[in-house]
Amino acid sequence: YDGDGDLDVLVTTNNGPARLLRNSAGKNNWLRIRAVGTISNRDAIGTFVRVTPAGGRPSPWALVKTGSSYCSQSELPLTFGLGSVDRVDKIEVKWPNGRTQTLPGTRANQTVTVEEPRTPATSASR
């Protein structure tokens, strides 16, 4: 809702009002990845992303998806909580067409847009 890195939730009910559950308690670091497809679908549905936090912490991953239950919608940008870590060492992206892309590390507390390479994947790049 407010783009500050802590996730907020909007809940609706049939024949009822919408409720915004705003999370304002977060003080930890985060990184958001916005994937944009060029060869695969434009919304990058089915894209797998893994970030490697600095300091040897476990590497969380997420999948771009649209929803997972009745009348639900998942946010397309992926949010990774980093705790006290202030940067990631690398970002790995696997596009729906099977092509993989590795990006260098970056600082925390920002949204990074990753665009799928426009050239078709070859067997060597898969």
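## The nonpolar core

Let's start in the middle: the largest nonpolar core in this predicted model has 20 residues. If you want to find it on screen, look for Leu31, Ile33, Val49, Phe80 and Ile91, which have the most contacts inside this core.

Setting aside neighbours within four places in sequence, Ile91 is in contact with Leu31, Ile33 and Val49, plus Arg50, Val51, Gln101, Thr102, Leu103, Pro104 and Thr106.

## A three-stranded sheet

Next, pick out the open sheet of three strands, which come in the order E6-E3-E9 with mixed pairing. E6 and E9 are the edge strands, so named because each pairs on one side only. On average, and ignoring direction, neighbouring strands here are turned by 25° against each other.

Now zoom in on E3 and E9: these two run parallel and are joined by six bridges.

## A closer look at Gln101

Gln101 sits in strand E8, which covers residues 100–107. Its relative accessible area is 16%, so Gln101 counts as buried, the cut-off being under 20%.

What does the side chain of Gln101 make a polar contact with? The partner is the side chain of Trp95, at 2.8 Å. Not counting residues up to four places away in sequence, Gln101 touches Ile91, Glu92, Val93 and Trp95, along with Val114, Glu115, Glu116 and Pro117.

Methods:
Residues are numbered from 1 along each chain as its sequence is written. This is a predicted model: local features need pLDDT of at least 70, side-chain atom pairs count only at pLDDT 80 or more; totals for chains, interfaces and linings use all residues. Side-chain values use heavy atoms; hydrogens and water are left out. A nonpolar core is a set of buried Ala, Val, Leu, Ile, Met, Phe, Trp, Tyr and Cys residues joined through side-chain atoms within 4.5 Å. Buried means under 20% relative accessible area, exposed over 50%, partly exposed in between (1.4 Å probe, protein chains only). Contact means heavy atoms within 4.5 Å. Helices (H or I, at least four residues) and strands (E, at least two) are DSSP runs, numbered from the N terminus. Axes are lines fitted to C-alpha atoms, for helices over the stretch in contact, and angles run from 0 to 180 degrees between N-to-C directions. A polar contact is a pair of N or O atoms within 3.5 Å; within protein, one must be able to donate a hydrogen and the other to accept it, and residues adjacent in sequence count only if both atoms are side-chain atoms.
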